[in-house]
Amino acid sequence: MVFQAVGKLLGKHSKIKKKATAETEKLYLEPRYTSARILDADILMLVALPKGLNVEEWLASNASAFYNHVSLMYGSISEFCTISSCPTMKAWAMQIQWTDEKGRKRKCSGPQYADYAASIIQKILTDEDLVPTKHCKDFPKAFKPAIQKTFRFLFHLLGHIYTCHFKTVVNLELHPHLNTLYLHLLLFCAEFHLLDSKEMALSEDLTTALINSSPCPKTSGSHSRNT
Ligand SMILES: [Zn+2]
């Protein structure tokens with residue numbers, strides 16, 4: 001069901017896809033990498049709202065978990081993400097600008113964007129009025145837009161890792177983790193309408209390749225890392 005929803009959303013924006021194909025080499029689309037996962041079969045079950053659980057609580061707890069996983073992934077390559085290596089924040093075919101609190105667009109580097117995004121996400125997730133943790137409090141109207149904002153940042157950060165740091169990820173043998181995390185996040189966003197379909201279309205080629213490729217858990221080698 002979620003795969004179909006993703007397909008529908010992506011189909012709407014096939015023109016955007018064509019525009020992006022003129023890009024430089026996309027190492028992450030090679031089948032030897034797209035088939036690498038740490039987990040595959042249960043992603044759809046992981047995404048679905050468990051029976052009896054409040055949807056806002058499910059979104060909040062997943063936002064927090066995804067934030068931790070994306071932070072760990074970005075942390076693994078952060079020493080290679082500098083102002084000189086990434087003077088602009090590139091993710092997929094986009095140059096992402098930072099929008100400040102007054103709505104002004106500002107240019108920023110990859111590491112600056114990661115810092116800004118982390119501080120805003122932390123602010124959102126620890127704001128008791130926005131994301132209440134006590135049973136007596138209701139979730140406000142501003143909750144969903146804030147969660148959507150959180151996932152947009154996470155999607156951009158994963159996009160930056162794929163677009164600018166995938167070789168490092170492969171060297172660290174973390175690409176099965178990255179693919180699993182990306183697919184899980186994207187399917188979660190599709191299920192709960194957390195990302196704009198135009199944004200999702202930016203990585204349509206990767207999403208399609210990951211959905212279509214057979215996972216080969218053993219090809220990722222051992223869990224040991226040669227750094
Ligand atoms: Zn970077």
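Two residues are in contact if their C-beta atoms, placed from the backbone, lie within 7 Å. Among contacts in this chain between residues at least 6 apart in sequence, 80% join residues at least 24 apart. The model is predicted: local features need pLDDT of at least 70, side-chain atom pairs count only at pLDDT 80 or more, and totals for chains, interfaces and linings use all residues. Numbering starts from 1 along each chain as its sequence is written.

**Overall make-up**

- The chain holds 10 helices and four strands. Both are DSSP runs, numbered from the N terminus: helices are H or I with at least four residues, strands are E with at least two.
- Along the sequence the pattern reads α-α-α-α-α-β-β-β-β-α-α-α-α-α.
- Of the 227 residues, 35% count as buried. Buried takes 20 or more other C-beta atoms within 10 Å of a residue's own, exposed takes 12 or fewer, and partly exposed lies in between; the C-beta atoms are placed from the backbone.

**Nonpolar core**

- A nonpolar core is a set of buried Ala, Val, Leu, Ile, Met, Phe, Trp, Tyr and Cys residues joined through C-beta atoms within 7 Å.
- The largest one here has 56 residues. Val70, Leu154, Leu157, Leu158, Ile161 and Leu185 have the most contacts inside it.
- At least two residues of this core come from each of α5 (55-77), β1 (89-91), α6 (110-125), α7 (143-171), α8 (175-192), α9 (197-201) and α10 (204-212).
- α7 gives the largest share of this core, 12 residues.
- As a general background, nonpolar side chains in soluble globular proteins tend to be buried together.

**Leu185**

- Leu185 lies in helix α8. It counts as buried because it has 21 C-beta neighbours inside 10 Å.
- Leaving out residues up to four places away in sequence, Leu185 touches Phe66, Leu154, Phe155 and Leu158.
- Leu185 and Asn62 sit 123 residues apart in sequence, with 9.2 Å between their C-alpha atoms.

**Helix packing**

- Two packed helices are described by the angle between their axes and the distance between the axes.
- Axes are lines fitted to C-alpha atoms, for helices over the stretch in contact; angles run from 0 to 180 degrees between N-to-C directions.
- Angles under 35 degrees count as roughly parallel, over 145 as roughly antiparallel, 65 to 115 as roughly perpendicular and the rest as oblique.
- A crossing is left-handed if the near helix is turned anticlockwise from the far one by less than a right angle, and right-handed if clockwise.

*α5 and α8*

- The axes of α5 and α8 come within 11 Å and cross at roughly 155°. The two helices are therefore roughly antiparallel.
- α5 passes α8 in a left-handed crossing.
- On the α5 side, Leu59, Asn62, Phe66, His69, Val70 and Met73 make the contact. On the α8 side, the residues are His177, Leu178, Leu181, Leu185, Phe188 and Phe192.

*α6 and α7*

- α6 and α7 pack at about 155°, with axes 10 Å apart. That makes α6 roughly antiparallel to α7.
- Their crossing is left-handed.
- α6 makes the contact through Gly110, Ala114, Ala117, Ile120, Ile121 and Ile124. α7 makes it through Ala146, Thr150, Phe153, Leu157, His160 and Cys164.

*α5 and α6*

- The angle between α5 and α6 is about 155°, and their axes are 11 Å apart. These helices are therefore roughly antiparallel to each other.
- The crossing of α5 and α6 is left-handed.
- Ala63, Ser64, Tyr67, Ser71 and Tyr74 of α5 meet Ala114, Ala118, Ile121 and Leu125 of α6.

**Bend and positive phi values**

- α7 bends by about 90° at His165. The bend at a residue is the angle between axes fitted to the seven residues ending there and the seven starting there.
- Glu173 follows α7, with a positive phi near 60°. Glu173 is found in the loop between α7 and α8.
- Glu173 is partly exposed, with 17 other C-beta atoms within 10 Å.
- Trp92 also has a positive phi, near 55°, in a residue other than glycine. Trp92 lies in the loop between β1 and β2 (94-96).
- Trp92 is buried, with 23 other C-beta atoms within 10 Å.
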